[in-house]
Amino acid sequence: MIVIDNNFVGAFVAFIIGFVISAVNFAISKYFLKKHTAKYPYLQFVRLPLMIGFIAVLYFCGGFTPWSVDWLLIGGALGITVPMFFFTYRLVKINDALGRKEDK
């Protein structure tokens with residue numbers, strides 16, 4: 001029998017799921033930035049509830065796991081935020097490569 005009562009395991013699992021959510025958000029953002037630029041600002045209304053929903057699921061359903069809710073929230077928040085720095089940098093590079101001019 002495998003015992004997974006270590007809180008670091010729960011934080012790592014939440015981090016990985018948060019990373020996947022960030023990667024999916026990046027892929028969707030990249031698609032909209034390249035193909036549907038005019039609709040890109042409205043994409044935030046989809047991405048933000050997805051990230052907040054993940055944190056809410058960790059908070060409300062974390063009691064049903066063998067791990068502490070605190071550790072799940074820490075891992076999930078880090079999983080969403082840390083990759084976002086890299087993905088935001090990549091989106092800026094893609095936007096610059098497209099050569100569009102900004103509105104003044």
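View A. Tyr-31 is partly exposed at 43% relative accessibility (buried is under 20% relative accessible area, exposed over 50%, partly exposed in between; 1.4 Å probe, protein chains only). The model is predicted: local features need pLDDT of at least 70, side-chain atom pairs count only at pLDDT 80 or more, and totals for chains, interfaces and linings use all residues. Residues are numbered from 1 along each chain as its sequence is written, and side-chain values use heavy atoms, with hydrogens and water left out.

**View B. Phe-8 and Trp-71 form an edge-to-face pair.** The structure holds six aromatic pairs (ring centres within 6.5 Å, using the six-membered ring of Trp; planes under 30 degrees apart are stacked, over 60 edge-to-face, the rest tilted). Phe-8 sits in helix H1 (residues 7-35) and Trp-71 in helix H3 (residues 69-98), so the pair ties together parts 63 residues apart in sequence. Helices are DSSP runs of H or I, at least four residues, numbered from the N terminus. Phe-8 is exposed at 55% relative accessible area. Trp-71 is partly exposed at 31%. For Tyr-31 and Phe-32, the ring centres are 5.6 Å apart and the planes stand at 90 degrees, so this pair is also edge-to-face.

**View C. A phenylalanine cluster.** Ring pairs link Phe-19, Phe-26, Phe-86 and Phe-87. Phe-87 is among the buried residues of H3.

**View D. The buried side of H3.** Buried residues here include Gly-75, Gly-76, Gly-79 and Pro-83. The buried residues of H3 pack against H1 and helix H2 (44-61), where contact means heavy atoms within 4.5 Å.

Technical notes: Helices (H or I, at least four residues) and strands (E, at least two) are DSSP runs, numbered from the N terminus.
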